[in-house]
Amino acid sequence: MTTPQESYDQLMARCKDLAVLRAANGIVYWDMETMMPPAGLELRSEQLALMDRVAHQMQVDPEFPRLLKRTEGRGSKGLTPEQQRNVRLARKAYDEESKLPEELVAAMSKHQAISVGAWKRAKAARDYSAFMPELQKMIELKERAATILMRVKGTRTPYDALLDLYEPGMTAEAIDKVFAQMRRGLLKIMKSIEDAPRPNTAFLSRKVGIPAQRRVSAEAMRFVGYQTAGPEAWGRIDETEHPFTGGYYDDVRITTHYYPDRFVSNLFSVLHESGHALYERGLPREWMYQPIGTACSYGIHESQSRFVENMIGRSPEFIEHITPFLKRQAPKALAGVGAETLFKAVNAVEPSKVRVEADEVTYGLHIIIRFELERDIFEHKVTAEELPEAWNEKYARYLGVRVRNDSEGVMQDTHWAGGSFGYFPSYALGNIYGGMFLKKMTKDVPGWRRSVGDGDLGPVRQWLAENIHSKGNLYDPAELVRTVTGERVRVQPFLDYLSAKVERVYGT
């Protein structure tokens, strides 16, 4: 009979096979978004469905629970805390995956490719009716899976089961309370500057050629430390409709989108995705292929990307550093524009229709809108057909903006097309986590701003690596935040950070 340690080693060997297969699946999906010819969509949907079906079969193989049982209870006494966490994560994954029918897993995977393809075409044509049937089918598939998972996870609602996929232990009720605090704080900040003179932002819409923007991308990646060239390269950058990051350890790829009349969009997109990439690359090498060798949660992941994009990238120190380079790449667009003017422009608070173009203050309201709509979808309060109207009404009420067409409205994001219901709250939670991390980092590394101003992200990168990346999936998100900062999750540090920045921009 095998010992608990031998059973554990066999369990980890199976986890490795699953990790390798899912990493390959991620690269196939990346190719679909970046390189695949349009006619390949149907074949790609079959390929992705097969890979997910094989992964499902590997996960629910009868030997998997037998190995789990041998390493649980008394069998876990000889295991290290890290090994015990691996077993707990493997158990959670098995309990959930084993309850999902194989045909449902394959159907969701296949429809994801079809739905995303329909979304791209419909967005380009500004025709929501062409996308709606595929979205409706995706909602039905995800609700079917969520209804099964809520019983396994012990959640109160199907939507809570979906939230747990992205932010373990989080519920809609808990998010609602946190978002209520955040909403009050954001509205207070917006109120404080409503009569203040607006920064000059007109120059941000001046045209900058794509070749120049690609050079800006290269400089942003160099600053962050995201390697895309040379024999030691572990990344690459490509273009896609909606930027994203994908990959695993030694192969982590980012994407961006170039807008000739919105050149800073690419700069902050690359910083954002590079932040994701640093996290994936920074996971402990000795935990590769193990359950703990993954990110803690999507909210923690977003904390890393938005930390690099906003808390570093929109800081006065980074803008001071990058401005001379930007002026060399776009001399006409930035003629007469200094670092202080650029800093104020990229931090101007202005309600807008598009989430990825939103300023840091109003961004949270974009997420609240999506969270409330997702919750309403799975409580059957709004249908796919009614979504555009519900979306537009909330944007008018929360942000005071009028949506002209569904491509800048309900179809602006790819998440629902891909079935990622429950993901959106992670963005705002990431901001909140990031506020707490920034407060602690400033205490630990008081000279970080000077280093960034000198073009050196090293001290920041080292602090993030030691305090967050190195922890992998050893803790659930709330526990990780407490381990790093010594505090429970709080909104106030993020609001304090925003208030200080807005005060500098507006002089209030």
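Biologist: In this predicted model, is Gly154 buried or exposed?

Modeller: Gly154 sits in the loop between α6 and α7 (158-166). A residue counts as exposed when its relative accessible area is over 50%, and the value computed for Gly154 is 62%. Because of that value, Gly154 is classed as exposed.

Biologist: Is Ser7 buried or exposed?

Modeller: Ser7 belongs to helix α1, which covers residues 4-34. The cut-off for a buried residue is under 20% relative accessible area, and the area of Ser7 is 0%. With that value, Ser7 is therefore counted as buried.

Biologist: What is the C-alpha to C-alpha distance between Ser7 and Gly486?

Modeller: In sequence, Ser7 and Gly486 are 479 residues apart. In space, taken from C-alpha to C-alpha, the distance is 36 Å.

Biologist: Which distance separates the C-alpha atoms of Asp127 and Asp406?

Modeller: These two residues, Asp127 and Asp406, are 279 residues apart along the chain. In the model, their C-alpha atoms are separated by 7.3 Å.

Biologist: What is the phi of Arg126?

Modeller: Arg126 lies in the loop between α5 and α6, and it is exposed, with a relative accessible area of 59%. Although Arg126 is not a glycine, its phi is positive, at about 55°.

Biologist: Where is His380, and what is its phi?

Modeller: The loop between α14 and α15 (387-399) holds His380, a residue that is exposed at a relative accessible area of 59%. His380 is not a glycine, and yet its phi is positive, with a value of about 60°.

Biologist: At which residue does helix α11 bend?

Modeller: Helix α11 runs over residues 298-312, and its 15 residues reach 20 Å from first C-alpha to last, close to the 21 Å expected at 1.5 Å a residue. At the start of α11, a side-chain oxygen of Ser297 comes to within 3.3 Å of the backbone nitrogen of Gly299. Further along α11 there is a bend of about 35°, and the residue at that bend is Arg306.

Biologist: How many of the residues of α11 are buried?

Modeller: Helix α11 has 15 residues, and the helix is mostly covered. The number of its residues that are buried is 14.

Biologist: How much space lies in the largest cavity?

Modeller: Rolling a probe the size of a water molecule over the atoms shows where empty space is left. Searching the whole structure gives three cavities of 30 Å³ or more. The space in the largest cavity is about 70 Å³.

Biologist: Which element gives the most to the lining of the largest cavity?

Modeller: The lining of the largest cavity includes Arg314, Asp359, Glu360 and Lys501, and its residues divide into five nonpolar, one polar and four charged. Two or more residues of that lining come from each of α14 (360-378) and α20 (492-506). The element that gives the most, with three residues, is α20.

Terms used. Residues are numbered from 1 along each chain as its sequence is written. This is a predicted model: local features need pLDDT of at least 70, side-chain atom pairs count only at pLDDT 80 or more; totals for chains, interfaces and linings use all residues. Side-chain values use heavy atoms; hydrogens and water are left out. Helices (H or I, at least four residues) and strands (E, at least two) are DSSP runs, numbered from the N terminus. The expected span of a helix is 1.5 Å times one less than its number of residues. The bend at a residue is the angle between axes fitted to the seven residues ending there and the seven starting there. Buried means under 20% relative accessible area, exposed over 50%, partly exposed in between (1.4 Å probe, protein chains only). A polar contact is a pair of N or O atoms within 3.5 Å; within protein, one must be able to donate a hydrogen and the other to accept it, and residues adjacent in sequence count only if both atoms are side-chain atoms. On a 1 Å grid over the protein atoms alone, a cavity is a set of points where a 1.4 Å probe fits but cannot get out, and a pocket is an open set with protein on both sides within 12 Å along at least five of seven lines; lining residues have an atom within 4 Å of a point. Grid points are joined across faces, edges and corners, and a volume is the space filled by probe spheres set on the points. Ala, Val, Leu, Ile, Met, Phe, Trp, Tyr, Cys and Pro count as nonpolar, Asp, Glu, Lys and Arg as charged, and the others, Gly among them, as polar.
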